[in-house]
Amino acid sequence: MIRLLLLFLLFAFLGASSLYAQLPPQCPSNNHPAEDFCQNICIYCNFNGYTGSSAGYTGQTPPGFCGTIENEQWLGFIAGATVGTFTVTPSNCQNGNGLQIALYTSCTSNPVACNGGSSGNGNNPVSITANLTPGVNYFLLIDGYAGDQCDFVVTVTPPLAAQAPPIAPPGAIQGPATMCPGGSFTFSIPTVNGAGGYEWNAPGGWLINGQTPPVVVEAPGGNVVTVTAGSTGGQICVTPISSCNTGVQVCRTVNVVPIPPTILSPVVVCHEDAPYLLPWGQEVSVSGTYQHTYTSYQGCDSVVRQQVTVKAPLMRNLGIQSICAGSCVTVCGEEFCDAGNYAYVCQSYQGCDSVINFGIVVVEPVAQITGGGVITCSTPTVTLGSAPSPGTKVWRDGNGVVLGTGNTVVVSQPGTVILTVTAVAGG
């Protein structure tokens, strides 16, 4: 029956250890033997009056001890007062050297108080006095001076200093009521008297101090955590705990709402002004809706969108423009009088460049008669010619009678001959 009871206590002990993985578990009883290794320590809810022996323990030197270590043992307790005096009174010491003691807050920190004993101290008590934080775990080291093996009893003044205090009711959780997915914010509760740690819980997909909840954070300081939101809202809860007691849980409902996208005013870009530089530094040359995701200092995603319209190039083909010599073509207020092909840039009413493509043909017929002479009996006709020139050529006499067409005409009557050259282009 006793074995079954001890087995049940062991399972209960292991269950508490897994639940509060960052706090040492409660000792099965107040006369449970001290631990040989600091990392295996358990917490006595009241170890005032504890009796034990320094025999049977091995030595592992902890940091900052004020002497040498041969056979130390470890006892954990929860401080119940702001100051305490711990006295270990040895008896039946085999070598007459007595004991030495020290008080730690963890297995890796230096002692907050230490008494290294002395050679030949025998059965004389050794004491230390230390300032304490109620609710916080402390580890008492007891070692035989020069390996002495003694029986001993532990007394604490005041006795309350080694008794686990009750955990006071916690205050309300402080923190935002609304978070964004993936955002990290600070949540806290006022320091709870008697709490050696705080168990924080949150919905699935959330993180507490970067870890999957539930997460236990030791005191002091465990009342403030960084919470990273998941994709959906829920309750953030915290329970103040100690190795001996569990306090009252408090919760806060938190909504998770994405930051709405920021829609920038749309822009219209002339073709010649592309690429357009978006506010976040991206260059674009085609029309579309572009977006960029910013991450705030709190880890929230914020989407910024902007619609960009890149206008097609404005081009107009006027074709071939035919003009008479001395005339001009006016394009965008500019006159063009010489033959050739042109691509002239104008500005449209929208402020964009418009390219006007056109060509100019200058129609410039030339009427010039070559040849001539005197009609005589021996030379009854004269042949007149036209200087090279495009166009239709008509020959007339002084009365307007057509004498012929083409590049030459044969004249057999004296008088005035008129050459008319007519060139037509583009109507």
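Start by selecting Cys114, which is partly exposed at 28% relative accessible area (buried means under 20%, exposed over 50%, partly exposed in between, with a 1.4 Å probe and protein chains only). Before moving on, note that this is a predicted model, where local features need pLDDT of at least 70, side-chain atom pairs count only at pLDDT 80 or more, and totals for chains, interfaces and linings use all residues. Residues are numbered from 1 along each chain as its sequence is written, and side-chain values use heavy atoms, with hydrogens and water left out.

Cys66 sits in the loop between β2 (51–53) and β3 (73–78) and Cys114 in strand β6 (residues 113–115), so the link ties together parts 48 residues apart in sequence. Helices (H or I, at least four residues) and strands (E, at least two) are DSSP runs, numbered from the N terminus. The Cys66 and Cys114 link is left-handed, with -80 degrees about the S-S bond.

Next stop: Cys27 and Cys42, joined at S to S 2.0 Å. This link is right-handed, at 95 degrees. Cys27 is buried at 4%, and Cys42 is buried too, at 3%.

Then jump to Cys328 and Cys337, whose sulfur atoms are 1.7 Å apart in a disulfide. Which cysteine here is in no disulfide? Select Cys324: its nearest cysteine sulfur, that of Cys328, is 12 Å away.

To see the rest, show every disulfide; the structure holds nine.

Definitions and conventions: Disulfide = S-S within 2.5 Å.
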